[in-house]
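Subject: Structure handover

Hello,

Here is the structure for you to look over. My notes follow below it.

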Amino acid sequence: MRRICAVTGTRAEYGLLYWLMKKIQADSVLELQLIVTGMHLSPEFGLTYQEVEREFRIDKKIEMLLSSDSPIGITKSMGLAQISFAEAYAELQPDLVVLLGDRYETFAAASAAMIARIPIAHLHGGEITEGAFDEAMRHSISKMSQLHFTAADEYRKRVIQLGEAPERVFNVGGMGIENIKRLPLLNKEELEQSIGFKLAEKNLLVTFHPVTLENTTARQQFSGLLEALDELKNTHIIFTKANSDTDGRVINQMIDDFVTKNCHKAATFFSLGQLRYLSLLQLVDAVVGNSSSGLAEAPSFQVGTINIGERQRGRLKAASVIDCEPSKESILLAVDRLYSKDFQKQLAKVENPYGDGCASEKIIELIKATDLRDITKKKFYDL
């Protein structure tokens, strides 16, 4: 049995890893190990490890979040995580660690595995997010990894450009599309009952994360969005809260204040879970903010995306994505375009650029076919 250790630290990442972990769990020659960390274990972020426990056995819980989202607090959290991952790997002795994305807890998991000479399979490498330090984390994790599963051919080429051997870099498509294909989504009435909130004639799903590398602060950027939302008529707004990044708590407090003042038309959630999130996504008019979900998942529903600022700059975008500046005026212009007849007609023809929704099956086959002996020793591939 090959021991495959998956690591998850956020609600979004868990949703993307879900079907892959299910397939590992069901496979006759693979054994799933699961480490849960980060926001999953925080009461402030909804204790979402409980959702994970309903589906999987958690082998290790790694507490690493300090009650601070300052640069010092985030850096100390990374240090705590790295120590704990080293101890967890020593106990679990995995044959392969599976990591997704670009977050700082994922970076800590990767660096500990690299030092322990445990091979790493990295999902969603090669992507660009110019407005956040996630990009540096993502490329660094790729360099510490031996197997690479990207969401598009453009991203595969970029991982190879980083010096990774082409025979170990595979374009399998995005992980999020598989959830859309497999989950039996809730209808409008079921969803409204589940979240305790009624949808209106117009509805927007808002997710805004900190802008860690931009000159303006999270407060400045998010203020422009809230000012724009405040002017919208006959529109209900559902917020999902920010991650535990630098200034994430600032954004979450601003959301709470806005919802308190506008409880007749707004609601907020730390975590909707994949079923409710995707069910809501199919019913709203647009995803608004700077989340990757607006680029990777919304196009599958032919739902518009208002992408604010530069956090997602550089990523592949469908024709359903409207880019705008983080100002009230620019956001309102984007909303006008969203509801225009021309754009609505365009939405009906949109295709998702992130694959066919069969990523986890492809990844399992490739993991099983790969000889992991001596794989940690690799040469830099020159173009």
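Start near the end of the chain. Aspartate 374 is found in the segment after helix H15 (359–369). Helices here are DSSP runs of H or I with at least four residues, strands are runs of E with at least two, and both are numbered from the N terminus. Aspartate 374 is exposed, at 71% relative accessibility. The cut-offs are under 20% relative accessible area for buried and over 50% for exposed, with partly exposed in between (1.4 Å probe, protein chains only). Aspartate 374 is not a glycine, yet its phi is positive, at about 60 degrees. Most residues other than glycine have a negative phi.

A word on the source. This is a predicted model, in which local features need pLDDT of at least 70 and side-chain atom pairs count only at pLDDT 80 or more, while totals for chains, interfaces and linings use all residues. Residues are numbered from 1 along each chain as its sequence is written, and side-chain values use heavy atoms, with hydrogens and water left out.

Glutamine 302 also has a positive phi, about 55 degrees, without being a glycine. Glutamine 302 sits in the loop between helix H12 (293–296) and E12. Its relative accessible area is 35%, so glutamine 302 is partly exposed.

Now the whole chain. The protein chain has 15 helices and 13 strands. Its radius of gyration is 20 Å, close to the 21 Å of the globule rule for 383 residues, so the chain is as compact as a globular protein of that length. That radius is taken over C-alpha atoms, and the rule is 2.2 Å times the number of residues to the power 0.38. Along the principal axes, the C-alpha atoms fill a box of roughly 60 × 45 × 40 Å. Buried residues make up 58% of the 383. Contact means heavy atoms within 4.5 Å. Of the contacts between residues at least 6 apart in sequence, 69% join residues at least 24 apart.

Next, the cores. A nonpolar core is a set of buried Ala, Val, Leu, Ile, Met, Phe, Trp, Tyr and Cys residues joined through side-chain atoms within 4.5 Å. The largest has 56 residues, and Leu20, Leu123, Phe149 and Leu281 have the most contacts inside it. Helix H1 (residues 11–26) gives the most to this core, with eight residues. A second, separate core has 35 residues, including Leu204, Val211, Phe222 and Phe343. Leaving aside neighbours within four places in sequence, phenylalanine 149 is in contact with residues including Leu123, Phe170, Val172 and Ile363.

Helix H13 (residues 328–338) has these buried residues: Ser330, Ile331, Leu332, Ala334, Val335 and Leu338. They pack against elements including strand E8 (202–207), helix H9 (218–231) and helix H14 (341–347).

Two more residues to check. Glutamate 178 lies in helix H7 (residues 176–182). Is glutamate 178 buried or exposed? It counts as buried, at 2% relative accessibility. Beyond neighbours within four places in sequence, glutamate 178 is in contact with Trp19, Lys23, Gly357, Cys358, Ala359 and Ser360.

Lysine 61 is in strand E3 (residues 60–62). It counts as partly exposed, at 41% relative accessibility. Not counting residues up to four places away in sequence, lysine 61 touches Val36, Leu41, Tyr49 and Glu53. Between the C-alpha atoms of lysine 61 and glutamine 302 the separation is 38 Å, and the two are 241 residues apart along the chain.

Best wishes
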